[in-house]
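Here are my notebook entries from a browse through this model.

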Amino acid sequence: MINKMDQKFTFQDEIILKGKWWVSSDNKLPGTFQFIPGQKNELLLSGTLNENDTIIRNTIDYGNGKYKIIEPLNKKYTIYGLTETNQKITLINCILTKQDNFFDDTKLKTTYRIQYCIFDEYINDLETLKIKSLSVYMEGILQFINRYNDTFINPNELMEVLIKTYEINDFKVSLKSKLFKTNEFELNSTTQNVYKMKPYIEVTSVENIKSYDDMINIFDKFKDLIILGLNNSVEINSINVEFDNKIINVIFLHEYRYKLRINYEIFKLFDINEAIIIKWFELYSKIPNIIQLLRSTIQNEHAKRLFIDNKFFNLASIFESLHHFIYTDRFIRKNENEDTIKKIELIYKELMSHKNMLFESYFKVIPAEIRQDFYFHPLSITFKDRLLYSIDNYVDYFNDISPLEMCEKIKNKRNGIAHAFNDMKMNGLEIHNLNLILKRLIYLEICNYLGIDTKINNIIKHTFKTI
C-alpha cells in the first residue's frame with residue numbers, strides 16, 4: 001500500500017508538465033501546465049476546449065493579426081491530461097482567463113487558471129469525492145509541538161509517531177509525524193541513524209465515509225487554531241487523500257507565499273484539550289468570517305500588501321464582532337427597569353463632564369450593582385464601551401497603558417476610517433501600538449472564551465507589549 005505521506009510534489013515545487021489535455025476525449029489539445037510558486041499558475045493550450053466560452057471584451061487589429069482580450073468566465077472545468085511520460089493528471093476548477101489569436105484563426109491559444117492538481121488519477125469532482133482520510137503536511141507546525149524533540153536517534157524502526165488525537169463530532173483529528181532519516185554517525189563502533197520529524201494532520205471519519213469538502217473544512221478549522229496559537233503563518237506542503245484503497249496526491253495551487261516569522265507563540269499543542277477544540281469549532285461555525293479575517297490578518301502580519309491602517313481596521317472590526325458575539329446574552333432587554341435606565345442616563349451625563357478623569361475613577365462612578373446593565377444597555381453600547389469593558393475585565397494585563405486615553409484613540413481612529421471622517425493624525429508607531437492593544441484584547445477574549453489556562457495571559461501581554 002502506498003504510504004500516506006509519500007510525496008511526489010509539494011506546494012513549494014515548480015511543476016512543468018507537457019502533454020495532451022481534454023474535457024471531452026474527442027477534443028484532445030497539446031499544451032503545457034506550469035506552476036511556479038509566487039509567479040505562475042496556468043495551463044496553456046494550442047486550441048480551445050469550447051468555442052462558446054470566448055467572451056471578447058476588446059479586439060486589437062495589428063494589420064497582420066489580431067489580439068483578443070477576454071473576460072474570465074465563471075464556468076469551471078475539470079481538465080484531464082496525459083503527460084509525455086504517460087502520467088495521468090486531473091486539473092480541477094479550471095477557469096478560462098485568456099485567449100490569444102495571432103496572425104490567423106488556426107493559431108488560437110487559450111490559458112486556464114487552476115485550483116487543484118491531482119497526479120496519477122482521473123477524478124471527476126474532488127469536493128464531493130467520498131474519502132476515508134485526509135492527510136496534510138504543513139511547514140511551520142513543528143514549533144506547535146512543544147514537548148517533542150524534532151530529532152530522534154535510532155527510533156527502533158518506528159517510522160511514524162502519533163502525537164495527539166481528538167474526536168470532534170463525527171471526525172477524528174490526529175496530529176502525527178513521519179520520521180525521515182537525515183544523518184548517521186559512528187558511536188562505539190556502531191552506526192547511529194538520525195531521524196527528523198515531519199508532522200502532519202490527519203482527518204478521518206469516525207463512522208461514515210465523508211466528502212472531501214467535509215474533511216477539508218474540519219482541517220481548516222484545526223489549522224486556524226494552530227495559526228492562532230502560533231500567532232504565525234503555516235504553509236501547506238502536501239495533501240494526500242485516501243479513497244477506494246488508493247492514495248492520491250493533491251496540490252492546491254495558491255500563488256502567494258506567506259512569510260514565516262520568528263516565534264511569537266501564544267499557546268501550543270499541550271495547552272489545549274478536546275473540550276477547548278470543540279468550543280473552538282463551535283465558535284468558528286458561528287462567526288466564520290470573523291475567524292477567517294483574524295487568520296488572514298495574522299498571516300499577513302509582515303506582508304507589504306496589508307497597510308498598517310488596513311490592519312488596524314481589520315483588528316477593530318474583529319474585536320467589535322467578537323465582543324458582540326461573546327457577550328450578547330448579557331444585553332439588557334426592552335423590558336428592563338425604568339429606574340435602571342434613568343441611573344444609566346445620569347451616569348453618562350456625569351462621565352461626559354469628566355472626560356479626562358483617571359481610568360480607576362471612571363469606574364468608581366458606575367455603581368457595581370448596575371455595571372453590567374450600564375455596559376450593555378441597548379441604547380448606550382458603543383465601540384468605546386466594549387473596549388472599556390474588555391480592559392476592565394483584564395485590567396491586570398493593561399497596567400502599561402492609560403486605558404481611557406488608549407480607548408479614546410482607538411475609537412477616534414476607527415470612526416475616522418469607518419465613516420470617512422478626517423480622522424486624527426497618527427504616525428506609524430502610534431497606530432502600531434493601537435494594533436498591539438487590539439490584538440491583546442482579541443487574544444484575551446478568545447482564550448478566555450475557549451477556557452485556555454489563564455497562565456497564558458501574561459504571555460499575551462508580553463507578546464503584544466506596546467513600544
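Entry 1: I started at Trp280, which touches Lys221, Asp224, Leu225, Leu228, Ile291, Ile446 and Leu450, leaving aside residues up to four places away in sequence; contact here means heavy atoms within 4.5 Å. A note on ground rules: this is a predicted model, where local features need pLDDT of at least 70 and side-chain atom pairs count only at pLDDT 80 or more, while totals for chains, interfaces and linings use all residues. Residues are numbered from 1 along each chain as its sequence is written, and side-chain values use heavy atoms, with hydrogens and water left out.

**Entry 2: the cores.** Next I looked up the nonpolar cores, meaning sets of buried Ala, Val, Leu, Ile, Met, Phe, Trp, Tyr and Cys residues joined through side-chain atoms within 4.5 Å. For burial I used relative accessible area: buried is under 20%, exposed is over 50%, and partly exposed is in between (1.4 Å probe, protein chains only). The largest core has 97 residues, and Leu134, Phe267 and Trp280 have the most contacts inside it. Helix α10 (residues 428-450) gives the most to this core, with 13 residues. Helices (H or I, at least four residues) and strands (E, at least two) are DSSP runs, numbered from the N terminus. A second, separate core holds 21 residues, including Ile79, Ile89, Tyr112 and Leu253.

**Entry 3: helix packing.** How do α2 and α10 pack? I found helix α2 (residues 274-286) at an angle of about 120 degrees to α10, with the axes 9 Å apart. Axes are lines fitted to C-alpha atoms, for helices over the stretch in contact, and angles run from 0 to 180 degrees between N-to-C directions. The two helices are therefore oblique to each other; my classes were under 35 degrees for roughly parallel, over 145 for roughly antiparallel, 65 to 115 for roughly perpendicular and oblique for the rest. Trp280 turns up again here: Ile276, Lys279, Trp280 and Leu283 of α2 make the contact with Ile446, Tyr449 and Leu450 of α10.

I then checked helix α4 (residues 308-327) against helix α9 (residues 403-418), and got an angle of about 105 degrees with axes 10 Å apart. That makes α4 roughly perpendicular to α9. On the α4 side I listed Asp309, Phe312, Phe313, Ala316 and Glu320, which meet Ile410, Lys413, Arg414, Ile417 and Ala418 in α9.

**Entry 4: strands.** Two strands pair if DSSP finds at least two bridges between them. Strand β1 (residues 15-22) and β2 are antiparallel over 7 bridges, and a hairpin joins β1 to β2 through 6 residues. On its other pairing, β2 runs antiparallel to strand β3 (residues 40-46) over 6 bridges. Gly31 in β2 stands opposite Gly19 and also opposite Leu45 in β3. Since 6 of the 8 residues of β2 (residues 29-36) are buried, the strand is largely enclosed by the rest of the structure.

**Entry 5: two asparagines.** Most residues other than glycine have a negative phi, so I looked for exceptions. Asn231 has a phi near 50 degrees and is found in the loop between α1 (212-230) and β17 (235-243). Asn245 has a positive phi of about 60 degrees and lies in the loop between β17 and β18 (246-252). Buried or exposed? Asn231 is buried at 6% relative accessible area, whereas Asn245 is exposed at 63%.

**Entry 6: cysteines.** How many disulfides does the structure hold? I found 0, taking a disulfide as a pair of cysteine sulfur atoms within 2.5 Å. For Cys94, the closest cysteine sulfur is in Cys117, 9.1 Å away and too far for a bond. Cys94 is buried at 0% relative accessible area, and Cys407 also counts as buried, at 1%.
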